[in-house]
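Here's a quick look at the pockets, a helix pair and a sheet in one model. Have the viewer open while you read.

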Amino acid sequence: MAIGDIIVGIDIGSSKISLVVGEVNNFNQIEVICNTNKISSGIQKGKIVDETKLADSISDVIKEAEKEMNMKINSAYITIPGKYVTIVQNSITKETKDKYSGISARDISNAIMQAKDINIPEGKQVIDIVTNDFILDSGKRVRDPIGAFSSNFVLNAQIILADKEYIRIMSNIFKKVDIDIDGMVPVTLAERNLVLEESEQNDFIMLLDIGSEHTDIGIFDGERFIYTNTIPVGGKNITNDIELVLNISHEEAEKLKKQYGLALKSYMDNDTEIILSTAKDGNKIVRSSNIVEIIEARVEQIFELVNNDISNQAIKPKINNVILTGQGITTISKSDIVGKITLNIPVKFANGKIKPIYVTSYALVRYIAARPFAKTVASSLDIGSNRESFFKNALEKVKDFFYS
């Protein structure tokens with residue numbers, strides 16, 4: 001990590017935009033300086049439908065952060081949905097410039113640049129290079145080979161490509177708010193090291209981030225990023241189903257989803273009567289089981305769509321465990337069991353003390369801070385002269401980031 005670097009991470013979702021500003025401290029940990037979020041406009045099911053509205057939403061969250069910290073944000077890292085991402089596996093063999101001096105940082109830098117030299121499909125652009133591991137001439141695998149005595153080494157890496165059109169659109173949006181984009185990181189790649197437990201880091205894992213209007217899939221074979229995609233269904237679809245079936249307002253449907261958030265009818269203890277306050281067809285009374293049945297059907301469909309996707313990619317037989325995260329699913333009890341039944345793979349909710357709304361933006365900051373072989377990863381900020389006072393005041397304002 002680059003000690004002292006301040007990193008701004010923005011997660012752009014269909015329902016919320018969340019921002020986290022963190023500093024890398026002397027213990028190589030992230031100190032959260034600011035966290036804030038705003039309602040997102042201009043995105044539907046992960047697709048940008050109104051650039052101006054989205055720019056306004058991003059502007060709102062940035063202005064609130066700037067006001068809270070009394071500073072100016074000039075650049076930020078952002079997330080990118082899996083459906084705009086392509087992963088290319090690449091291995092490079094590199095001769096060491098001076099094997100008697102050990103592998104140098106320049107050797108590694110040259111290898112990474114060489115790994116980037118691939119045939120890039122039309123309409124794609126490199127946005128990241130993920131170094132997986134290095135193999136020395138002795139056959140030993142290491143994460144960091146600098147200083148090792150080896151006449152050559154092999155770099156295993158993932159080249160992350162993104163759709164040029166999506167990059168162009170996001171660049172235009174951020175120009176409207178006068179913010180430079182430091183980099184784009186796939187949602188599940190950013191979340192991996194935060195969401196997975198240490199025992200899961202070397203497993204063949206599928207990470208599912210079920211958001212408001214879409215679900216991001218990320219599949220990892222240990223450190224290797226294998227596959228990512230986006231399914232255009234999420235937690236908001238559950239609310240919409242309740243609204244449509246019961247013919248009530250969207251607000252009441254959302255309230256009922258939260259109150260009776262259960263994904264399996266068989267786990268109900270009591271089937272109570274519910275009086276609807278916004279029913280439009282005169283039917284004022286339903287049972288709680290009716291609501292749970294609606295939730296169960298949609299949660300099952302989400303997992304069925306994921307199952308179809310990973311089966312079509314011929315990846316499913318390799319997956320040992322599935323980890324669930326995301327605001328669209330964490331409040332729906334027993335969703336993990338529905339997932340296990342539908343996928344026929346063990347499924348569990350991700351552990352953690354961070355509130356769901358900040359998981360991805362905080363994970364993004366951590367991911368950038370931990371980038372290996374980077375001298376600096378800092379975002380551009382105008383802090384002013386009184387840096388010490390700024391951090392003291394900013395840290396006191398961070399109230400709702402972690403669960404108590």
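The notes below go through the pockets, then the helix packing, then the sheet.

## Ground rules

This is a predicted model, where local features need pLDDT of at least 70, side-chain atom pairs count only at pLDDT 80 or more, and totals for chains, interfaces and linings use all residues. Residues are numbered from 1 along each chain as its sequence is written, and side-chain values use heavy atoms, with hydrogens and water left out.

## The largest pocket

A pocket here is an open set of points on a 1 Å grid over the protein atoms alone, where a 1.4 Å probe fits and protein lies on both sides within 12 Å along at least five of seven lines; lining residues have an atom within 4 Å of a point. The largest one holds about 1100 Å³, a volume being the space filled by probe spheres set on the points, which are joined across faces, edges and corners.

Its lining counts 38 residues, with Asp128, Ile129, Tyr367, Arg371 and Pro372 nearest the centre. S9 is the top contributor, at 7 residues; H4 and H9 are among the elements supplying at least two. (Helices are DSSP runs of H or I, at least four residues, and strands are runs of E, at least two, numbered from the N terminus.) The lining splits into 22 nonpolar, 7 polar and 9 charged residues, where Ala, Val, Leu, Ile, Met, Phe, Trp, Tyr, Cys and Pro count as nonpolar, Asp, Glu, Lys and Arg as charged, and the others, Gly among them, as polar.

## The second largest pocket

This one comes in at about 430 Å³. Of its 15 lining residues, Ser15, Ser212, Glu254, Lys257 and Lys258 sit closest to the centre. H6 gives the most, 4 residues, and the lining has no nonpolar residues, 9 polar and 6 charged.

## H4 against H9

H4 and H9 pack at about 85°, axes 8 Å apart (axes are lines fitted to C-alpha atoms, for helices over the stretch in contact, and angles run from 0 to 180 degrees between N-to-C directions). That makes the pair roughly perpendicular, the label for 65 to 115 degrees. Leu189 and Leu194 are among the H4 residues in this contact, and Tyr362 and Tyr367 among those of H9; contact means heavy atoms within 4.5 Å.

## The five-stranded sheet

An open sheet of 5 strands runs S15-S14-S13-S18-S19, with mixed pairing; two strands pair if DSSP finds at least two bridges between them. S15 and S19 are at the edges with a single partner each, so one side of each has no neighbour in the sheet.

S13 and S14 run antiparallel, joined by 7 bridges, and Ile210 stands opposite Thr215 in S14. Helix H7 lies across S13, S14, S15 and S18, at about 45° to S14.

Methods
Angles under 35 degrees count as roughly parallel, over 145 as roughly antiparallel, 65 to 115 as roughly perpendicular and the rest as oblique.
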